[in-house]
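Thanks for making time this morning.

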Amino acid sequence: MRHGGLVALAATVPLLLLHQTEDLRMLTRIERDGSGLKLVWARADPSRAREVRTRLREATPGYEDERHASEGSAYVISRSWRPTTLRDMPDTKLETVDLPQRLVSLYNEYSWEEKVTIHIGPATSSEKAGAAQATMLYILQTPGRVDEASVMPLGQVTGDTVVWRLTGDKEEYTLQARSRMLRWDMLLLLVYVAAAFAAMTAQWAVRRARTRPRRI
Amino acid sequence: MVDDFDVELEEAAQQARGGASAPKPAPSTGARPASAPGSGTPAKPASPPAEAPGEPEAAAKPAADQAEGERTGPARAMSARKPGLIGRWVEAISQSLSGLRLPRIDLATVAYGLVGLIVFVLLAQNWAPVRVNVFGVYIDIPKAVAFILSVGIGMLTLWLMQRSLGERQGAGRR
């Protein structure tokens, strides 16, 4: 793995792979601490298993985990990598606003940008002609709700997930999304401290009321 | 318990009813008679010394007393200062509060709760999975669990070593 596997994360998908697979998905999951998961999942005809496996390995050289399965009559392969940080990778940009960046805020913010390249490579002319029909899904999962206005290009947003459908007729995509997550843990701490303070004040007030001389 | 205030109220009521027979305390100054300490009831005011009849000043004195009595009116009870609106509210609130039975919350309980909550928050913040390579098999477990597991394994190892060492030392002594 070169440069700690960073080269592996430059998302370049061969057009051939799009043609050889029935369903191809790329998943990027961002965790709240900036770490994440990169996963490529493909389903293909069992007769193409070897080709798909080879292409997928070439496209994801730094991915450490590989799993194979058969779903009915289809061959399924997934390769994944769990980097300790998604911040310093080529062709990707992750900016997080957490406690150290902004102390007084109710939310953490995450801005994500990635460049995905569809590599035409040794594709035949017929494969190039059918590039518009060759599609893949790019799924981004973020901590917190995704801000729909920030999603570029237009994708399908559901809560913390954005799904883009990429076609082979465009060579490069720049995917962007932003999300916000409530700092529920800090709020919990604040509520506890406030409740404890209120309870102790009430206790003090009751004690004082009992010791206060009453009018007869 | 009867205090000076009640006795004065009672006497004032008697006077208002026309109880002339009761000895009248000197009303002019408004000063209350001194009560015996610890008795709970006020000492009766000293009766005026009996004047010998027939003396020239003896006839003039009751008339002067009467005139003074008409000027000042009957003896009145000293009223305590009435509490204002806020005072009444404070009193009502404090009376209702004094009836409350709250669970006792001391600083140590709050501190223990806070420490527990901080541990929980730290666990939640470090719940992002980390990949562990177990002889070629990759397992994703939360960082917090990995940390607790590694600390636990270390503690268990040390405990087992200590135990076996203790058994060996015990066997050597025997």
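A:Leu188 counts as partly exposed because its relative accessibility is 34%, where buried means under 20% relative accessible area, exposed means over 50%, and partly exposed is what lies in between, with a 1.4 Å probe and protein chains only. Before I go further, please keep in mind that this is a predicted model, in which local features need pLDDT of at least 70 and side-chain atom pairs count only at pLDDT 80 or more, while totals for chains, interfaces and linings use all residues. Residues are numbered from 1 along each chain as its sequence is written, chains are lettered from A and ligands numbered from 1 in the order in which they are written, and side-chain values use heavy atoms, with hydrogens and water left out.

A:Leu188 sits in helix 4 of chain A, which covers residues 184–211; helices (H or I, at least four residues) and strands (E, at least two) are DSSP runs numbered from the N terminus. Together with A:Leu106, A:Leu182, A:Trp184 and B:Phe120, A:Leu188 makes a nonpolar surface patch of about 430 Å². Such patches are made of residues with over 30% relative accessible area and no salt bridge, like charges being joined within 9 Å and nonpolar side chains (Val, Leu, Ile, Met, Phe, Trp, Tyr) within 5 Å; the areas come from the Shrake-Rupley method with a 1.4 Å probe, and for residues only the protein chains shown count as cover.

How do the two helices run? The axes of helix 4 of chain A and helix 4 of chain B, residues 107–125, come within 10 Å and cross at roughly 175°, which makes helix 4 of chain A roughly antiparallel to helix 4 of chain B. Here the axes are lines fitted to C-alpha atoms, for helices over the stretch in contact, with angles from 0 to 180 degrees between N-to-C directions; under 35 degrees counts as roughly parallel, over 145 as roughly antiparallel, 65 to 115 as roughly perpendicular, and the rest as oblique. Among the residues of helix 4 of chain A that meet helix 4 of chain B are A:Leu188, A:Tyr192 and A:Met200, and the chain B residues include B:Leu114, B:Phe120 and B:Val121, a contact being heavy atoms within 4.5 Å.

Turning to chain A as a whole, there are four helices and 12 strands, and 44% of its 216 residues count as buried. Of the contacts in chain A with a separation of 6 or more, 65% are between residues 24 or more positions apart.

Now to the charged pairs. Over all chains the structure holds 17 salt bridges, each a side-chain nitrogen of Lys or Arg within 4 Å of a carboxyl oxygen of Asp or Glu. In one of them, the closest N and O atoms of A:Arg82 and A:Glu31 are 3.6 Å apart. A:Arg82 lies in the loop between strand 5 (74–81) and strand 6 (92–97) of chain A, and A:Glu31 in the loop between strand 2 (23–30) and strand 3 (36–44), so the pair ties together parts that are 51 residues apart in sequence. Both partners are buried, A:Arg82 with a relative accessible area of 10% and A:Glu31 with 13%. A:Glu31, A:Glu64, A:Arg82, B:Arg131 and B:Asp140 are linked in a network of salt bridges, and A:Glu31 also touches, among others, A:Tyr110, B:Ala128 and B:Pro129.

Finally, two backbone details deserve a look on the screen. The peptide bond from A:Met152 to A:Pro153 is cis, with omega near -15°, and A:Pro153 is placed in the loop between strand 9 (145–146) and strand 10 (156–158) of chain A. B:Phe135, although not a glycine, has a positive phi of about 50°; B:Phe135 is found in the loop between strand 1 (129–134) and strand 2 (137–142) of chain B, and is exposed, with a relative accessible area of 84%.

Note on methods:
Lists of a residue's contacts leave out its neighbours within four places in sequence.
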